[in-house]
Amino acid sequence: MITIANGTVLCGVDLVAKNVNLLIDDGKIIEISKEVLEGKIIDATNYIVCPTFLNAHVHIGDSVVKDMGDGKTIEEIVKPPNGLKHLALKNASDEDIINSMKTSMKEMLRTGTTHFIDYREGGIKGIKLLKKAAKDIPINPIILGRDDIFHEEDPDLSKVKIAIRKLLKICDGIAPSGFGELNDEVASLIAFECKKMNKISSIHTGEYENLQNDSLKKTGKTEVQRAINFGFDQLIHVTAPLNNDLDLIKCFEKNIVLCPRSNGAFSVGIPPLLDIIKRKIKPLIGTDNIMINSPNIFREMEFTLKMMRGFYKEYVSPLEILKMSTTNISSSVYNCDYMGNNENNDKEYLDVNIDKKNIFPTNISEKINKSIIQEENNAELFLSRKLSENPYLSLINRTEIKDIICLLNKDKLIYYD
């Protein structure tokens, strides 16, 4: 039994700052109050007690090729199967890939991240490499697999189905690269098989405007509309939404992940965060390719906050940015009567049966098991020095590795020197 005492605790979905104590037993928060003081005492005076982070989109395998390809186009660097990244991964040894992934996971833990969603290259072998790397590290990878057959020009759909099912037996879902490398039949099959097996389907969509325009020219729909039409749960980037893309994301309760530093590194634009927040969509945040970014969520949040204020010339709340890496995973519920009854007649964009029981996505938060700080929830939190009177800005603007003194991930308590 542990009591974290005298800290500034960020409680509940809204991360309300309270001066309370936390009593933790067997990895669960069993009491939050000012009076409780039992078991081992951790004095959190002048510390912030924050939920641990979810890095909602990362390619951890390319830890082995850090900073490769700077100055080249996004297609040259990461487009499968012949991007610089993919060729480098093919030439890297298993040992080098495993060791580099271990280093990145340890950096995540050291900077407050206990959960991450990985777009796992390399098929079944790639999944096994990540599981081997994570075996002795107290971190929670959510592994979304893919297979090279998905990107063939004219794939045999029966073989695609077999590949999907084999992957889903050993991972948490499927994540192809994007519609530029994927035909519609394969996309539909991936989303269908994932839904049938209660697994996550995720895809890059609308990462930059040329992709959106190509999709419109080819199919009459944006990449976002196609992803929703096929039933994908999680949409990555959406840096260049067109038409009614954001309204559709809200109405169909799609999980959206923004990666601002990656978008900047690849020169593809700025995510429309203010428009997303104004629609009461609850985005998540990810650091994307480790080959171009560290997996440090603090760096991602500070970049996002200040870039958005500078671009929009409007106030963006640091609390909303912090929620993107913590509690938004538990609160993505939108009240939208989607029946095409609006001025744009959104229904015409999609070929779906308007039956919310069938079209709503898997509850990703249940798969991730990410807790907010409240009684009866998992104890997943860290203690960081309080460096200003605003706890949200203290974390986003000022926190460094040296400021985190300990991290609790369910039943694992890690102290840092």
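Buried residues account for 59% of the 417 residues in the protein, which is described here from a predicted model. The protein exposes about 17500 Å², and carbon and sulfur atoms supply 46% of that area. Along the principal axes, the C-alpha trace spans about 65 × 55 × 40 Å. Of the contacts between residues at least 6 apart in sequence, 73% join residues that are at least 24 apart.

The secondary structure comprises 16 helices and 17 strands. Nine of the strands form an open sheet with parallel pairing, in which the order is β13-β12-β11-β10-β9-β8-β7-β6-β14. The edges of this sheet are formed by β13 (284–285) and β14 (288–289), each of which pairs on one side only. Within the sheet, strand β7, which covers residues 113–120, and strand β8, which covers residues 140–145, pair in the parallel sense over six bridges. One of the residues involved is Y119, whose bridge partner in β8 is L144.

A further set of contacts links two other strands. D43 lies in strand β4, which spans residues 40–43, whereas N6 is placed in strand β1, which spans residues 2–11. When residues up to four places away in sequence are left out of account, D43 touches A5 and N6. The C-alpha atoms of D43 and G7 are separated by 7.5 Å, although these residues are 36 residues apart along the chain. D43 is partly exposed, because its relative accessible area of 45% falls between the limits of 20% and 50%. N6 likewise counts as partly exposed, with a relative accessibility of 49%.

The backbone of N6 also deserves mention. Most residues other than glycine have a negative phi. N6, however, is not a glycine and has a positive phi of about 70°. A positive value is also found for S267, a residue other than glycine, at which phi is near 60°. S267 lies in the loop between α10 (260–265) and α11 (273–278), whereas N6 lies in strand β1. With a relative accessible area of 67%, S267 is exposed, because this value is over the limit of 50%.

Note on methods. Residues numbered from 1 in each chain as written. Predicted model: local features only at pLDDT ≥ 70, side-chain atom pairs only at ≥ 80, totals over all residues. Heavy atoms only, no water. Helix = DSSP H or I, 4+ residues; strand = E, 2+ residues; numbered from the N terminus. Buried < 20%, exposed > 50% of the residue type's maximum accessible area, 1.4 Å probe, protein only. Contact = heavy atoms within 4.5 Å. Areas by Shrake-Rupley, 256 points an atom, 1.4 Å probe, with all protein chains shown as cover. Pairing = 2+ DSSP bridges.
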